[in-house]
Amino acid sequence: MGIKKVKISSVKRAAHLKNKKAPQSKQQQQKLAQQKAAKEKAQNVFIQKARKKDNLAQKRRQNRQETRMSNLPPQSDEEDGDNLVDKVADMLEDEDLEYLQLSKNSKQRKRKYVEEVGEENHADLKYSISLEKQYASKTAEELENKKVKVNLLPIKSREGDIIARSAEVDYKAKIKNIKKQKPEEERNEDSVLEQEFYEDSDEDIVNDEDTNIASINPENKVITTTDLLIARQQEIERQKYRIGIICSGILEKPEDKIRNFKALFELMDETSPTGSINLLTVRKLAIVSLTEIFKDILPEYRVGQVDTKMQHVRKATLQRVTYENALLQQFKKFLQRLEKLTAAVNRRGQTSKTPQAIKMAEVSVQSMCEILTAHPYFNYVKNVAQLLVYMLNCNYPRMRAAVNQCFRYVFANDKKLEMSLFIIRRINHLIKTKNNNVNLECITCLMALKIKNVNLDLEKENELKQKKLEAHRQRVLNLSKKERKRRKKLAELNKELEETRAEENKQTKNYKLTEIVKMMFTIYFRVLKNDPNSKVLSAILEGLAEFAHVINLDFFADLIDVLNRILETQEDLGYREQLHCIQTIFAILSGQGEVLNIDPIRFYQHFYRNMLAVNAGKNHDDFCIILKTLDEVLVKRRRNISQQRLMAFVKRLLIVSLHLLHHGTLASLGTIKTTFQLTSVLDILLDTDCSIGSGKYNPELEDPEYCNASCTALYELTMLTRHYHPTVRKMALHIANGVPATGEGSLPSEIGKLTALELFEQFDSTSMVFNPSIPVPPQTSSEPKIKKSKHSQLQKDLKLDYQKLFKEHFTHLEDTSKNSEIIDFYKELKLSC
C-alpha cells in the first residue's frame, strides 16, 4: 500500500519550521554549559551562606548557655561536687573514662608549653606595640600641623589692577566610607569591601558636613567669656571660608551651581535647618555676598517667559531659557527674604524692635539699593523700588539716607526715564496718603532730577502744529502725481535714516520728562497750598528755587502771592527758607516772568536783611543761595534795579565777605568784579572823598534804597589786600585798581574767567586741599648766622676761638661743681631756727 502525500499550506509549514529546534553549534553548547555552571556555583554560594548563618546561630546559643552557667552561684560545699562527679562516672563506661583522662592530660601539656613560649616572646611583642604607637602619634601630629594653600577671591585695587590672593589653612582629610562595586561577573559573590579615600570637591563645605567647631562641655569645664568669644570667632571664620567657597563656585559656573544658593539662603535665616542659631555677622555676610553675586550674574535685559512645551527651540536656547528661569526664581526668593527682614522693622503696631532686627533691616535696605542702581530694568526691580519708597518715610535716619542716595543716583543716570517716572509717582502717592506728614528725604531726593528744558505748554504747541500740518496736507493733495511720488520717496528715506541712527524716540522721551515735571510740581504746590507750616517746607522752597525756570507761566502770579504771604505771615520761618523764597521769586522774574507787572521792592528788603545771616560757621555752605540770588539781582536784572540799591548791595556784600572763609570771600569778590565790569556807576565807591553826596551812610537800615550807600567807599578792600590767601589779595587789588583788563592790577586769565560759583567750588578747602598749594619752606642751616657790621672781625678762625673758650669755661664749671658739697636748705633752716 503506497504512502499518501498530504499537501501542507505554506503558513503551517513556516510555523512548523519555526518551532523545530535547529542543531546547536559548539560555541552555543559551551555557552550553555558555562551558564549552567554559573547557576550551580551561585546555588553553592547561597548554600554556603546559609550554612554560615546556621553555624553563627549555633555559636550564639552556646555563648548564651555559657554566660548563664557562669552567672549561676558557685557551690560552697566540695562534697556536692564530688558526689556529682561520682554519679557521672557511674553512668559512663570504662572506655569512655579512659578517653577523658587522656584528653585531659594532653590539654595540660599544651598549656604548659604555651606559657613557656609566651614568657620568652613577651618582651618582643611589647617593643613592637610601642613602635606602632609612636608611628601613629607622629603621623597624627604631622596631619595636625599640615597646611594647605587655598586660593581666595581676587581684589580690585583703586587703580583697576586685579590682585590675586591666597591663604594657608589647616589640612583636614575628609574620610568617607563607600562601597566598592565589583565587576558584573563577581556581584553575586561574598560581601562588599569598604575603602577609605580623601575627597577633593567642595560638596561637603556647601552642605556644611564638617562641623568641627570648638565645643565646650559644660559638665567637665566652666564656660568663661573668653571661651565664648573664641568659639564665636572660630565659627565666624569657618562660615567666612564656607561663604567664599560657595560664592567662588557660583561665579565660576553659575549654570551648574544654581543649587548652591540654598546654602546661602539658609545662612540668612535666624536659625539653620539643624536648629542652631546663625550669628548676626554671618547673616550680614550672607546678604552682602548674595548681593554681589546677583550684581555680577544678572543680565542687563529683562528675562521673558518662553513656553518650551508649545514652542520648539534649539538645544542651546533651551539650556539658556532653563538657566534664566532658575536664576529668576532664586532672585525672587532672595528679594522675598529681604522684604521679610525690612517688614519686621517697618510694621505698624510693633513697639519692641530688637537691635539685631534693625541692623539686619539696614543691611537689607542697602542691598536692595545696590540692586536697584546696578540693574534698574531687570525683573522684580520695580517691586524693589516700591518698597524703598516706603522706607523713605521710616523712623531710622541711616536707612532714609541710603534710600535717598540711591534715588539720587537713579534720577541722575536714568536715560530711559521709566524708573524715574515710576519712583516719582510712588512718592506722590506716599505724600498724598500721609497728608504731607513725611520726612525731608521724600522731597530732597527730587533735587537730583536732570530737568533742563521742559515745555509744559507742549499740548498747545502740538495743536498749532496739527493745524499747520492739516493745511500742508491740503496743499499736498493738490500737487501732481510726480510731486507726490517724490515726496513719498523722500519721507521713506528720512525714516530709514532715523532708524540707522538708532536714536531714541524724542517724542516719547519728552512726554516722560513732561510727566515727571508735572508730578513734581503737583507735590510742591499741594504742600504750599494745603500745609504751609509743614516740616518739609524748606525742601519744597529749595526745589522751587532749583526748578523755577520750567514752571508754567500761568502759575507765576499765584505762586509769587503765596511766597509773599509765607514771608510776611510766618514768623517762625528761618533765614534759609526766606532765602529760598527770594531766590524762587527772582528766578521767576528774571526769566519768562519779565512779562508780569510785579514790583519786587519788598523782596529786595527781605534779601538785603538776610544777607548778614551767613558767616564762617556752620551755615557757611548756605552762601551759595546768596550767590545764586545775587546773580539774578545784580547781573540779570541790573537794568531793572536803581543805582542806590545796586551800590547798597555791593557794599553789604563786601561787608559780608569779611566774615566768610577764603573761598566765600573769593566768590563775593568775583560777583563784585562782574558787577563793576557791567556797570560804570560803581566807580564812585572807589573814591574816598566823602564831601560829595547827600547825607551819611547808614548800614543798619533795612531798606537798601535809603541807606545812602553812595556816600561811602569800599574801605574793606584795604583789609582784604592783607588777607592770608594769595588769590584774595590779587582779587582785592584788582577791584581797588578799577578792574583793569591789562597792566598793573590785572588778574591772570585762569582766575579772571571763573564765575562766582566756580570760585566758591574750586577754592574750597573743606577736603583739606589748599588751592594754590602751600610752598615748602626753604631749608635753613642749624647754625645761627652772625650778622656782619663795621666793627666785626673778619678772621676765619674766630669761630674756632670762641668754641675753645666755651669748652674751657664749661669744664671749669663741672670741676667746681664736683668738688663742692650739696647743701640741704631745709636742714639748714631747721638748725638756724
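View 1. His580 has a relative accessibility of 3%, so it counts as buried (under 20% relative accessible area, with a 1.4 Å probe and protein chains only). The model is predicted: local features need pLDDT of at least 70, side-chain atom pairs count only at pLDDT 80 or more, and totals for chains, interfaces and linings use all residues. Residues are numbered from 1 along each chain, and side-chain values use heavy atoms, without hydrogens or water. His580 lies in helix α20, residues 575–589. Leaving out residues up to four places away in sequence, His580 touches Ser538, Leu541, Glu542, Ala545 and Ile625 (contact means heavy atoms within 4.5 Å). Ile625 is 45 residues from His580 along the chain, yet their C-alpha atoms are 7.2 Å apart.

**View 2. Helix α13 and its buried residues.** Helix α13 covers residues 418–433. (A helix here is a DSSP run of H or I, at least four residues, numbered from the N terminus.) Its buried residues include Met419, Leu421, Ile424 and Ile431. The buried residues of α13 pack against α10, α11, α12, α14 and α17. Asn435 follows α13, and its phi is positive, near 55°.

**View 3. Helix α13 beside α17.** Which angle do α13 and α17 make? They pack at about 20°, with axes 10 Å apart (axes are lines fitted to C-alpha atoms over the stretch in contact; angles run from 0 to 180 degrees between N-to-C directions). That makes α13 roughly parallel to α17 (angles under 35 degrees). Contact residues include Leu421 and Ile424 of α13, and Ile516 and Met519 of α17.

Notes
Helix = DSSP H or I, 4+ residues; strand = E, 2+ residues; numbered from the N terminus. Expected span 1.5 Å × (residues − 1). Buried < 20%, exposed > 50% of the residue type's maximum accessible area, 1.4 Å probe, protein only. Parallel < 35°, antiparallel > 145°, perpendicular 65-115°, else oblique.
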